[in-house]
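Please find below some notes for a colleague who is new to this structure.

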Amino acid sequence: MFRTLLIANRGEIACRVIRTASRLGIETIAVFSEADAHALHVKAADRAYPIGPAPARESYLNIARIIETARAARAEAIHPGYGFLSENPAFADACAEAGIVFVGPPASAMRAMGSKSSAKALMEQTDVPLLPGYHGDRQDADFLADQAARIGFPVVIKAVSGGGGRGMRVVASAADFATALTSARQEGASSFGDDRVLIERYLQRPRHIEVQVFADTHGNAVHLFERDCSAQRRHQKVLEEAPAPGLSEAQRDKMGSAAVAAARAVGYVGAGTVEFVAEDDGFFFLEMNTRLQVEHPVTEMITGFDLVEWQLRVASGEPLPVTQSAITRNGHAIEARIYAEDPAHDFAPSVGRLTLFRTPPHTAETRTDTGFASGDTVSIHYDAMLAKLICHAPTRPAALRGMARALNDCAVVGVASNLDLLGRIVRHPDFATGGIDTGFIAREGETLLAVQSAPPPDVLAIAALTVLTAETTPGGNDPWDERDLWWVNTTPARVLDFKDGETAYPVSVTRDGAAWRIGDTLCSAVRLDEARLAVSLDGIRRTVTAILDHHVVTVRDDGLTWRLTLPDPLAAADDEEDASDRLVAPIPGLVTEVSVASGDQVKRGQILVVLEAMKTVFRLTARADAVVASVSCAAGDMVQDGQILVGFEVADTAA
C-alpha cells in the first residue's frame, strides 16, 4: 500500500478520499486553488499545496502543475476523484512518466471509452446491446440528416466527447434537424474542443440505469449491482438509488454480465460505471465512465464495501478482495444531491457565503459527503453541488421515509438551494411507486417546481419570533440589558413588515406577559443553537429551522423553505425597478463571448453576451428590439451579479 497519496481534486470527493486514506494509514496531500485556500478538504488533509489561481484551467486542470506538486510532495500515488482530470488519459500518462501511480484505469481504457462513438463501436463487437443509431466518422450535415431519417424520429444528437447533457439535442422531426445539429456542434466544440456528433434513436420514456464494475490487474472483474439515476434535471442527475426499483432478477443479471463484458473488452482496471438506458424489458449501452461516480455511496451502503479502499488496493497491485459470488445486496439506499441553485429560475447556480449549512449527523443509516461548512463561500468557478445526502434502510419505502426526514433536517442559508425540490420528489406518489423515467422532473414540473405558496400564519409567526429572539441579548437577568421592547406601565406593540418577493405580509406583534401575541396567536420561543428555534404557538410546541441573516429571515419547516425580507434602512432609496435600458449579469461569472457593439440594432431574443459560471452557460438575450448604446464587458472579463453589461438607447418620449 502507498505511504503518501495526493488527491488531485477538491470539495466533497477530496474529503471522501482523504477519509478512507487516513483510515488506511496513508498520509494525505491536498491541492488547492486561490479560491479554496480555506476549504474543508485543505483542512482535512495532512498537507496541502497551492496550485494556482481560481479558474480550474489554471489550477485543478493544470497537469504540469499537479505533477510538479506531486513530485515536490513526494507523493507515491495520485487519486483524481471525479470530474477535472479523472478521465483524462494524458494525465494518466503524465503520472506514469513521473513514476507516480495513477489511481484509476489505464490510459488505453480511458481512450477507448472516452469517445462515445468508438466506445459504441467496440460494444457492438462485444455483443453489448446498443440503441439503433449512427456512430461513425463521417460528419457532413446532409449525410447525418439521412442517417437520422433512417433511424426514425425522434432522434437525439450527442457530442462524441460530451457529458452532463452538454452537446445533446433531441430532434422531433426532419425540419428541426439542421438547427439542432449546428447547436449541438457549437456546444460540443465550446465545452470539449470537439464538434463531432453521433445520432441515436430517442426513447420516449427511458430509465437511466448504471452498473458499478471493478477490475484488478490479476484478471478479475466483478459488478456490484446497479443504480437507478433516472431523476434528472437538464440531463444531470438529482437523486440516485440502489438497487434499481422494479427490475427483474433476470434483467439485473443480464445488465451486470454486459457491464463486466464491457470492462473486460477494454482491459479495464479499477472502478468504473457502465451506463444503460432501459425501456420496458430492453436495455441499451449508453457510455462507460472510467472513474468513480458521484453516486457511489449508494452502492457502498447496500454492499458494505468501501469503494475508495478498493481503488487504492487495486492501484497498489492487490487483487479484488472478493469474488462475484460473495457480493450481496442488503436493503435499499437513496442519495440526494444538494445543489446551490434556484430551481424556480431554471436551476441557475447560486453563489455567495453560506451563512448556515447544516445536514443531519452521521449514523449507520444516514451519511453526508460534503466539502462545505457554515461560513464557506460558494464560488462561481466550480460545480454547484454542496453535498450528497445518503440514506439506507431495509426496504425502499423505509429509505424514502428516512430521506424525507433527513432533508427536513437540512438547512442552507445564504444561497438558494434545491432542498425543497428534493423533498417534493421523494414524497411524490410516482417516485414512491418506483421506476420513473428521465423525463419525470420536467413532466411533473408544475408540482415539483411550483412557486412557493404564500407563507401561512404559523410561518409568519415563526419569522417574527426569529426577529424578536435575535433582538434579545442572551445571558444575565438585568431587564435594562434587554432589547425586547419592554417598558414600564406599557403594552409594547409593533408591526414587522415582511415581504415575500413583491408581496407584503405585515405582522402585528404585542407583548403579552412573558410571551408575545402575534396576530391572534400566543407565542414564545427559545433559541437552541444558531439554526434551531424551539417555538410554542398557542401551546403547541415544535422545533424549526429559523435564522435571521441581516434583513432576511429564513424559515424551514416540514420540508419547505420561506425567505422573508424586512425593510433595509441602508438600502438605496432610488433603487430602480426598470432595467429595460440595460442588460445585467444575472450571476457572477466569466464572459466568454460578446456578439454586439455600440450602435448595433438588435432584435428581441438575440444573444448578446455569453456568460459561464459553475459549469453552466448563460446566453443573455435582448428583451426587446433596441439599439446598443454601450458595451461594458469583453470576452475574458469576470463580472459580478447585477453588473451592467450592455446599455441600450432610450427612446425619447417627450414628443
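1. R19 is partly exposed in this predicted model, its relative accessibility being 42%. Its salt-bridge partner is D369, and the closest N and O atoms of the two are 3.3 Å apart. R19 belongs to helix α1 (residues 11-23) and D369 to strand β20 (residues 366-370), so 350 residues separate them and the pair links distant parts of the chain.

2. What else is R19 linked to? A network of salt bridges includes R19 and D369, and among its other members are E12, R16, R23, E300 and K388. R313 and E318 also belong to this network.

3. Since R556 sits in strand β30 (residues 552-557) and D420 in helix α13 (residues 419-427), the pair ties together parts 136 residues apart in sequence. Are these two residues buried or exposed? R556 counts as buried at 5% relative accessibility, and D420 counts as buried at 14%, the cut-off for buried being under 20%.

4. For the model as a whole, the count of salt bridges comes to 41. As background, side chains of opposite charge can pair when their charged atoms come close.

5. Turning to helix α5 (residues 107-114), which of its residues are buried? They include A107, A109, M110 and M113. These residues lie on the same side of α5, because they cover an arc of only 160° around the axis. Among the elements covering them are helices α4 (89-97), α6 (116-125) and α9 (249-265), together with strands β5 (101-102) and β14 (282-289).

6. The last point concerns an open sheet of four strands, in the order β32-β39-β37-β34, with antiparallel pairing. Its edges are β32 (582-584) and β34 (601-602), each of which pairs on one side only. Within the sheet, β37 (residues 626-631) and β39 (residues 644-648) run antiparallel and are joined by three bridges. V631 stands opposite V646 of β39.

How values were computed
Residues numbered from 1 in each chain as written. Predicted model: local features only at pLDDT ≥ 70, side-chain atom pairs only at ≥ 80, totals over all residues. Heavy atoms only, no water. Pairing = 2+ DSSP bridges. Helix = DSSP H or I, 4+ residues; strand = E, 2+ residues; numbered from the N terminus. Buried < 20%, exposed > 50% of the residue type's maximum accessible area, 1.4 Å probe, protein only. Arc of directions from axis to C-beta. Contact = heavy atoms within 4.5 Å. Salt bridge = Lys/Arg side-chain N within 4 Å of Asp/Glu carboxyl O.
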